[in-house]
Amino acid sequence: MADQNLLTVNVVTPDGSVFEKQSPMVVFKTTIGELGVLPNHIPFLASLAIDEIRVKKNGSEDQFDEIAVSGGFVEFSDNLATVVANSAECKEDIDSERAARARKRAEERLEKAKQTHDADQMKRAEISLRRAINRLNVAKH
Ligand code: ATP
């Protein structure tokens, strides 16, 4: 029988499941703010910001698994939080040098788009930049 004091967090991307663990608490950054979820929370569906998910480690006071997500959705019901994201990486799987290169490319694209007043390209570059900065932030916590 499932432990009623724990919830399960499952993070899935088109490449498959990147994280699945039981936890006493998880904190999501949704597009309308931070949402801390304890076991037996009421069901919800929320869209996620390009930010981190913090999953409290079972049996620890203040240790968290950290996952960088590039937006997506979280659905919670029956103590199962299912995150569906285009991409997500656990902190320890993040390649910081790659993210730093991606940040530089995005900054250059953003600068060029500003000069040419290309609003679409500007928006795409801003999103790429946010993904790269998020990975760098999660990796260095
Ligand atoms: P890049 O330009 O470096 O590919 P990106 O933001 O375009 O960055 P995405 O399209 O979001 O990359 O992701 C493509 C795949 O690569 C996904 O599986 C994602 O988890 C992985 N990925 C992207 N950047 C990193 C990174 N810095 N470290 C580890 N995995 C990464």
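Predicted model: local features only at pLDDT ≥ 70, side-chain atom pairs only at ≥ 80, totals over all residues.
Which helix gives the most to the shell around the ligand? Helix 1 does, with four residues.

Residues are numbered from 1 along each chain as its sequence is written, and side-chain values use heavy atoms, with hydrogens and water left out.

**Whole chain.** Show the cartoon. The protein chain has two helices and eight strands (DSSP runs: helices are H or I with at least four residues, strands E with at least two, numbered from the N terminus). The order from the N terminus is β-β-β-β-β-β-β-β-α-α. The C-alpha atoms fill a box of roughly 60 × 30 × 25 Å along the principal axes.

**Ligand shell.** Select the 13 residues around the ligand (a heavy atom within 4 Å of it). E89, D95, R98, R105 and R131 come nearest. By class, the shell holds four nonpolar, one polar and eight charged residues (Asp, Glu, Lys and Arg count as charged). Colour by domain next. Domain 1 (7-91) and domain 2 (95-140) each give the shell at least three residues; the bounds come from an automatic or database domain assignment.

**Polar contacts.** Zoom in on pairs of N or O atoms within 3.5 Å.

- D95: a backbone N or O atom lies 2.9 Å from a ligand nitrogen.
- R131: a side-chain N or O atom is 2.8 Å from a ligand oxygen.
- R135: a polar side-chain atom lies 2.9 Å from a ligand oxygen.

**Cover.** Strand 8 (88-90), helix 1 (96-115) and helix 2 (119-140) are the elements giving two or more residues to the shell.

Methods:
Polar contact = N/O pair within 3.5 Å; in protein donor to acceptor, adjacent residues only side chain to side chain.
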